[in-house]
Every structure is written in structure tokens, then in C-alpha cells.
Amino acid sequence: MMIDPLTLSIFVPLFGAILTFVFPRVATVSALLAVLGTCGAVFVLALKILAAGEVLVPLGGWAPPLGITLRADGLSVAMLAMTALVGLLVSLGALESLRDLRQRQYFWPLWLLLLTGMNGVYLSTDLFNLYVMIEVIALGAVGLTVLSGTREAVRAGLEYMYASILGALLFLMGVGFIYLQIGRLDFAGLIAAEASGATSAALALMVVGLLLKTALFPLHFWLPAAHANATAPASALLSGLVVKAALYIFLRLSTYMPLPDETLVTLIGALGAGAVLWGGVQALRTERLKLLVAWSTVVQIGLIFIAFARAGQAGLTESWKAAAVLILAHGMAKAAMFLAAGRIKDEVGHDRIADLDKSEIRPTLAQFTFAIAAISLIGLPPSLGFIGKWSLMEGAMAAGYWHWVAVTMIGTLMSVAYFSRVFAGFLRFDRMRGELSEHKGWALADVAPLTLAAAAISLGLMAAPILSFIELGYPFGAAP
Amino acid sequence: MTPDLIYGLTGIAVFAIGLVGALCAQDRLRRVLALKLCSVGAGFLLVVGAWRTPSAAPDPVPHALVITGIVVMVSATAVALALIRRLKSLEAEDDD
């Protein structure tokens, strides 16, 4: 019997994680093979989706409500593909940047465990399964946060752990309410169920849990320290991929259990606006490069929620696409930016923004990568970030919700301002204390972030095929 | 009041107590214990879902869910405790 690519994309990284943990000597090789295998499985799955629209696999032949079904459609495969691409390039970047033996030994199993959980989230159709997967992600993500072993990293990791467990338990409590009320936990059962007080309470609990995990303002308190103090490849994975899992579950839930009224949709958008403004102010104030990049993640998460709320409840059948494009764009651009920031920190020796222009060492390629990634995050054409922001504003204007356009514009201006603080440090040469060292700081490690940043820009040119791909299999239930 | 309602409300109350603790406690260990309390509350609620009229056999699915939840929570607690210990020793090193 041929094993299907859905099962493979969960089990290949899982077995990879076990192998790399048990046999640390061959960890690097087996980890790269596992990531490549996952990429292959996702590619085969994407071809299947192009042909069939959606793929369903009842695990072990058990049908729901008793069994668990894996389901792939355009949106989930787009998320899987983004995860696989970012994962592969971050893994290649990690080959160079993880020099410490201990870090190397634990990075691979933790990262592959994380990949298992991420792929599991994108393919699950069952609430309890999602709970287990977000816990798997949390264990991997906290491990990666504390990998550097410094006091700040461990402190931030513990804070992250508390937030993560609490978010997952709120979600679990919501799952309990659903089971009491409906007696089923699969998505098909949720769609069939009638809305009641108990399901609204369940939805509220699950949404708060997910917002805590995805770090939407004002529940973002754990994110900046955790993402800024991790080692560069870990930061790239945490910021580029991990926060997207809870966001994705939120998007899915909002179809299967629609938010009961307009006020809640507006509230979600208002929290997003808070994130854009507060995150922007903090990014303008921060003194360290990696912290600035972490605050920019808070801003981008807010932007994704504004995209979700851009046209109110009536527009949700279209708005999710803007949110999905922003998720994909941010995943690639932010991973590239964190890797580049890590390279700059390694070469220059520090990451104080104010002293970047005093350095005689200019890691040119890493600085260039940082700038291209910033283009996508700011949302300049032709990047994928631009497409996402454009469809956000287009939908908001069409619905007459000009306040979302205004917030997005302010956020864009602020992002230009805080990234310019960094560019000024890259481009000023009059405050150096010695001679400029020519051609210093080019390395093989620059290839991975540069490729990611280039992908974030150039995929904007393929926006039409991407938009029609994520609609395959009707993720948002508008089947004819 | 039916027994399942009493158990259900107890589960919610235990969860709420844990939630307050997780948000307000200062001590690191206390916060872990508060989170454990939350998980017990959530588990309680799921077990109530298994309850049917006294004559019928209970629904096995919630039991399976609770067992999985316990396993997940044990590993999460272990990680949190390990982090607390590491942080304590790092802080002790810095004080010297």
C-alpha cells in the first residue's frame, strides 16, 4: 500500500526528531533528510490538490466522529509549503550559524518536533487533535527559545511556557464545552451544530487561548523577549512559523464556528490596530536590532487581524484571503530578517542599533538581505507583503471601512520609520573609528536568508496563482 | 441539581481558581501549580461529558481525551520545572 503524503508530512519529521535525538552523531544529515523528505511530501500533496481540490485521509480507516480525518486543501497546502520552504532554508542557515556542539545537538530534534506539530495543525480536522498539536509545538518552541542557555533566554522561555500552557488550557476548556454541548469534535460536527450559549462560551475560550498563543495585542507580552533572546535560526522559526499555527486555527475556526456578531469582528480588528500602533511605538524606541525585529512581528500579527476584520462580518468569506497572503508573506520575510539580523550580530559583534554605524565591519550581504526583507514587511510593491496589504485596503475601501485603511497607512509609515533607523546605521560611514574592512562578512550563511527574502519579494509577482491556489478545495466552505 | 451539573460547575470553578493563580501569582512554582489546577478543571469538565443517565454505560471518548490531556500536561509541567531549576542555578551563578 502506498502511504499518502498527508501522513508522511507528519510522520517524516516525527521520526526524524526521534532519530536525531537518539543518534546525535548523524543528527545533521538525518535532520536535513527529514526536512527534504517533508518538502517532497508537501510537493506531491500540492500536485494532488491541484488535480483534486481537496484530499481526505481517515487515519486507520476509522471515519469520524470516532476516528480522526486528515484533510488538505489549498490553504493548508499553502501553509505547509511556506513552512517547508522556510524550514529548509533556516535549516541550511543553521548549519553555519550553530557552532556550539550542545546547541547543535538539541536544535535538530526540537526543530523537527516543531515541524511535526506545525504540519499536524495544518492537516487536522478535529479540535482535540489541534489541542495536542499546539502543545507539541509549544514544547518544541520553548526548547528552541532557551537553546542559547543565557539567563535572559531562559527567563523569556519560562514566561513563554506559562503563556503557552495557559493558551492551550483555555483552548482545551473550550473543547470541553463543545463536547458537552455537541458530543462531537470534528469540524463537520461543528458546522452541523446549532449556535447556543455554550458554543459561544466555547468559542470565546478558544479564541482567547489562540490570541494568547499568537500574541495579539494586548496578549503579546511574552513575545518580544522570547523571540529576541533566542539564537538566530530559532528566532527565525519562532517568528516566521510558530505564531502562524494559532493564527491558522483561528482562521479555520472562524469558518466552522462563525463569530456571532459584528461587534466581535470589529473588536478583533481593534486589537489588531492596537498591536500595529503599540508595536510600532516600541519598535521606534527599542535599542537592540533583534528586539526591533521582534516588535515588528507584533505589528504584523496585528495587521493580519486587521485584514481578517477589514470588511466586517459580511466580508469574512473574502477577507481571509488577505489575511492568508499576509501570513505567507510575513513567514518568509520575517525568517529572512531574523537570520540576517543574527548574521549582522555575529559579524559586527553586537546588535545595538545606535552603534551600527560606528562599526568598521559591514556584513554587506546580510544588510542587503535585511533591507529586502524590510521591503516586504513594509509592503512596497512588488513584494508579497504589498499584495496582502493591498487586498486588505481594497476590501476595507469597498466595504466603506475607512478606519482600517487609516490604521494600515499609519502602520506602514511607522514601519518605514523604524526600519529606517536600521538602514541609517548600515549606510552611514562618517562615524567609524577605523578603516573600513573591505569585503568582510560575506559567508555561505548569507545564502539562506537572501533566498528567503528574494522569495518574499518575487512571489508578489505570482500573486494571482497563489490567490487561486489557496481557494482550491473551498477552505471557507463556499462550495457551489 | 443533577450530578453532572454539580460536577460540571465544580470543573469550571477549579479552572477559574487556577486561572486567577496563573495570572496573579508571583512565585514561579505557584504559577506552574495554578496551571496544573486549570488542567484538572478542564479534565473534570471533559469527564462530565462522559456521564449519561445512570443506567447507560459512560461514553469512553472523553476518558481517552482526558488521558491524552494528562500526558500532555505531565510533559509540559516537566519542561516548566526544568526551566525553573535552570533559571535558579543561572541566577545563583550571577549572584556569586
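User: Let's start with charges. How many salt bridges are there over all chains?

Analyst: The structure holds 16. This is a predicted model, so side-chain atom pairs count only at pLDDT 80 or more.

User: What does Arg252(A) pair with?

Analyst: Its partner is Asp73(A). The side chains meet at 2.8 Å, N to O. Arg252(A) lies in helix H10 (residues 232-256) of chain A, while Asp73(A) lies in the loop between strand E2 (69-72) and helix H3 (74-97), so the pair ties together parts that are 179 residues apart in sequence.

User: Is that pair buried or exposed?

Analyst: Arg252(A) counts as buried, at 4% relative accessibility. Asp73(A) is buried as well, with a relative accessible area of 0%. The cut-off for buried is under 20%.

User: Which residues are linked with them in a network?

Analyst: Glu54(A) and Arg71(A). Together with Asp73(A) and Arg252(A), they are linked in a network of salt bridges.

User: What about Asp357(A), which residue does it bridge to?

Analyst: Asp357(A) forms a salt bridge with Arg431(A). The closest N and O atoms are 3.1 Å apart. Asp357(A) sits in the loop between H13 and H14 of chain A, and Arg431(A) in the loop between H16 and H17, so this pair ties together parts that are 74 residues apart in sequence.

User: And how accessible are those two?

Analyst: Asp357(A) is buried, with a relative accessible area of 5%. Arg431(A) counts as partly exposed, at 34% relative accessibility.

User: Now Glu318(A). What is its partner?

Analyst: Lys321(A). The closest N and O atoms of Glu318(A) and Lys321(A) are 2.9 Å apart.

User: Where do they sit along helix H13 of chain A?

Analyst: They are three residues apart in helix H13 (residues 316-348) of chain A, so about one helical turn separates them. Glu318(A) is partly exposed, with a relative accessible area of 44%. Lys321(A) counts as buried, at 11% relative accessibility.

User: Switching to helix packing. How do H12(A) and H16(A) cross?

Analyst: At roughly 165°. The axes of H12 (residues 289-309) and H16 (residues 402-427), both of chain A, come within 11 Å. That angle makes H12(A) roughly antiparallel to H16(A), because the cut-off for that class is over 145 degrees. The crossing of H12(A) and H16(A) is left-handed.

User: What about H6(A) and H1(B), how do they cross?

Analyst: The axes of H6 (residues 151-182) of chain A and H1 (residues 3-24) of chain B come within 12 Å and cross at roughly 165°. That makes H6(A) roughly antiparallel to H1(B). H6(A) passes H1(B) in a left-handed crossing.

User: Backbone next. Where are the cis peptide bonds to look at?

Analyst: One joins Phe217(A) and Pro218(A), with omega about 0°. Pro218(A) lies in the loop between helix H8 (197-214) and helix H9 (223-229) of chain A. Another runs from Pro381(A) to Pro382(A), with omega near 0°. Pro382(A) is in the loop between helix H14 (364-378) and helix H15 (384-398) of chain A.

User: And what is the phi of Ala215(A)?

Analyst: Positive, about 65°, although Ala215(A) is not a glycine. Ala215(A) is in the loop between H8 and H9 of chain A. Ala215(A) counts as buried, at 0% relative accessibility.

User: Why flag these at all?

Analyst: Because most residues other than glycine have a negative phi, and most peptide bonds are trans.

User: Last topic, the surface. Which residues make the nonpolar patch?

Analyst: Phe11(A), Phe15(A), Ile18(A), Leu19(A), Phe21(A), Val22(A), Phe23(A), Val26(A) and Tyr106(A). The patch covers about 870 Å².

User: Which helix gives the largest share?

Analyst: Helix H1 (residues 5-22) of chain A, with six residues. Phe15(A) is found in that helix. At 52% relative accessibility, Phe15(A) counts as exposed.

User: And Leu444(A), buried or exposed?

Analyst: Exposed, at 67% relative accessibility. Leu444(A) is found in the loop between H16 and helix H17 (447-458) of chain A. Leu444(A) and Leu95(A) are 349 residues apart in sequence, and 9.8 Å apart in space, C-alpha to C-alpha.

Definitions and conventions:
Residues are numbered from 1 along each chain as its sequence is written. Chains are lettered from A and ligands numbered from 1 in the order in which they are written. This is a predicted model: local features need pLDDT of at least 70, side-chain atom pairs count only at pLDDT 80 or more; totals for chains, interfaces and linings use all residues. Side-chain values use heavy atoms; hydrogens and water are left out. Patches are made of residues with over 30% relative accessible area and no salt bridge: like charges are joined within 9 Å, nonpolar side chains (Val, Leu, Ile, Met, Phe, Trp, Tyr) within 5 Å. Accessible areas come from the Shrake-Rupley method with a 1.4 Å probe; for residues, only the protein chains shown count as cover. A salt bridge is a side-chain nitrogen of Lys or Arg within 4 Å of a carboxyl oxygen of Asp or Glu. Helices (H or I, at least four residues) and strands (E, at least two) are DSSP runs, numbered from the N terminus. Buried means under 20% relative accessible area, exposed over 50%, partly exposed in between (1.4 Å probe, protein chains only). Axes are lines fitted to C-alpha atoms, for helices over the stretch in contact, and angles run from 0 to 180 degrees between N-to-C directions. Angles under 35 degrees count as roughly parallel, over 145 as roughly antiparallel, 65 to 115 as roughly perpendicular and the rest as oblique. A crossing is left-handed if the near helix is turned anticlockwise from the far one by less than a right angle, and right-handed if clockwise.
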